[in-house]
Amino acid sequence: MKTKPFLLLLLLPFFLACTHRSELPAYHITGTLMNGQAEQVYLQHFNTDNKQFDNVDTAAIVQGAFTFTGTLDVPELYRIAVAAGPSVEVFLENSPIAVDIDMENRANSQVSGSAADSVYKDSQRSRLDIAEQIRQNPASFSLPYRLWRNYSYNVSPDELTALADLFDPEVIETSPYIKLLYQLIDTYRRVAVGQPSIEIALPDPDGKVHKLSECLGNYVLLDFWASWCGPCRAENPNLVKLYKKYHPKGWEIFGVSLDMTKEAWVQGIAEDQLPWIQVSDVKYWACEPSIAYGARAIPTNFLIDPQGTIIARNVMGADLAQWLEDIYGK
């Protein structure tokens with residue numbers, strides 16, 4: 001009989017731990033399907049490396065309803081995708097969240113219960129510039145994603161730093177998207193005009209490795225493109241025309257493809273009749289040279305002088321033609 005109080009004392013930390021664990025914040029998604037049926041639904045996390053969504057959980061759909069439960073360190077972008085059906089983006093946070101998915105018209109789907117998602121969706125509809133949106137919502141965890149994903153393409157490193165610094169300290173310290181922003185700022189500074197080019201060594205379609213440095217001694221256009229990129233394919237005829245004119249004078253093009261398959265890449269080269277060096281690691285947005293050069297949208301290019309110094313970025317069409325005329329003459 002005397003051992004029972006001692007036993008209770010031993011078990012007390014366990015009970016306290018269980019009680020504390022049950023009180024930890026968690027997300028609880030309650031979902032329903034409208035205008036259709038399905039058997040499974042997936043919870044998918046946005047992968048910032050390749051800009052795709054990865055499955056992290058699966059739920060059965062029972063009588064048109066499903067649930068997901070878990071915990072997050074900070075709010076992040078997810079997607080709920082019905083098997084062989086529509087998907088709905090949701091900026092997930094630790095709170096009760098309701099999701100109604102319209103199987104016939106995804107635009108009619110609704111998400112409620114997530115403050116981060118409300119700011120995210122409002123931002124997509126807003127006519128305010130991103131700086132004003134951040135000033136109105138400095139504690140938002142979804143606006144850092146919007147800044148990184150949608151607004152960081154054509155701003156200077158200093159401008160991007162000023163925008164990132166508008167967020168509250170907690171967001172700056174814990175948001176994974178803020179971390180990506182500062183990494184991107186460092187990259188932009190590293191490949192700014194006046195900086196030395198970064199070496200690239202990748203195989204061509206035949207498996208032969210080519211280095212960017214092998215083209216130096218001449219002016220080189222480092223061109224990031226892909227066969228699936230409409231604007232890239234639209235620019236290729238202009239590049240072909242300029243290459244025929246200025247390659248005999250020494251100009252080189254070093255193409256880096258962000259294709260997902262070798263077959264698509266090779267077909268794009270053949271269809272557009274691209275005669276210059278083409279290399280790829282076939283990793284889509286995870287292409288290592290594109291990350292090193294901060295090429296987050298394509299086409300992106302860098303004009304490099306014979307000594308390997310970057311002298312211009314994103315010169316295309318008539319602008320590129322003028323650069324080449326100034327260098328080589330008419």
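A residue is called buried under 20% relative accessible area, exposed over 50%, and partly exposed in between, using a 1.4 Å probe and protein chains only. At 49% relative accessibility, Asn 35 therefore counts as partly exposed. The model is predicted, so local features need pLDDT of at least 70 and side-chain atom pairs count only at pLDDT 80 or more, while totals for chains, interfaces and linings use all residues. Residues are numbered from 1 along each chain as its sequence is written, and side-chain values use heavy atoms, with hydrogens and water left out.

**Backbone geometry in loops**

- Most residues other than glycine have a negative phi, and most peptide bonds are trans.
- Asn 35 is not a glycine, yet its phi is positive, at about 60°.
- Asn 35 lies in the loop between β1 (27–34) and β2 (40–47); helices (H or I, at least four residues) and strands (E, at least two) are DSSP runs, numbered from the N terminus.
- Gln 273, also a residue other than glycine, has a positive phi near 55°.
- Gln 273 belongs to the loop between α9 (262–272) and β13 (277–279), and with 61% relative accessibility it counts as exposed.
- The peptide bond from Ile 298 to Pro 299 is cis, with omega near 5°.
- Pro 299 sits in the loop between α10 (288–292) and β14 (300–304).

**Helix α2 and its cover**

- Helix α2 (residues 115–125) has buried residues at Ala 116, Asp 117, Val 119, Tyr 120, Lys 121 and Ser 123.
- The cover over the buried residues of α2 includes the strands β5 (76–82), β6 (87–92) and β8 (110–112).
- Helices α3 (130–136) and α4 (143–150) are also included in that cover.

- Glu 199 is located in the loop between α7 (176–190) and β9 (201–203).
- With a relative accessible area of 41%, Glu 199 is partly exposed.
- Leaving aside residues up to four places away in sequence, Glu 199 touches Lys 211, Leu 212 and Ser 213; contact means heavy atoms within 4.5 Å.
- Glu 199 and Leu 212 are 13 residues apart in sequence, and their C-alpha atoms are 5.9 Å apart in space.

**Lys 245**

- Lys 245 is part of helix α8 (residues 230–246).
- The relative accessible area of Lys 245 is 42%, which means that this residue is partly exposed.
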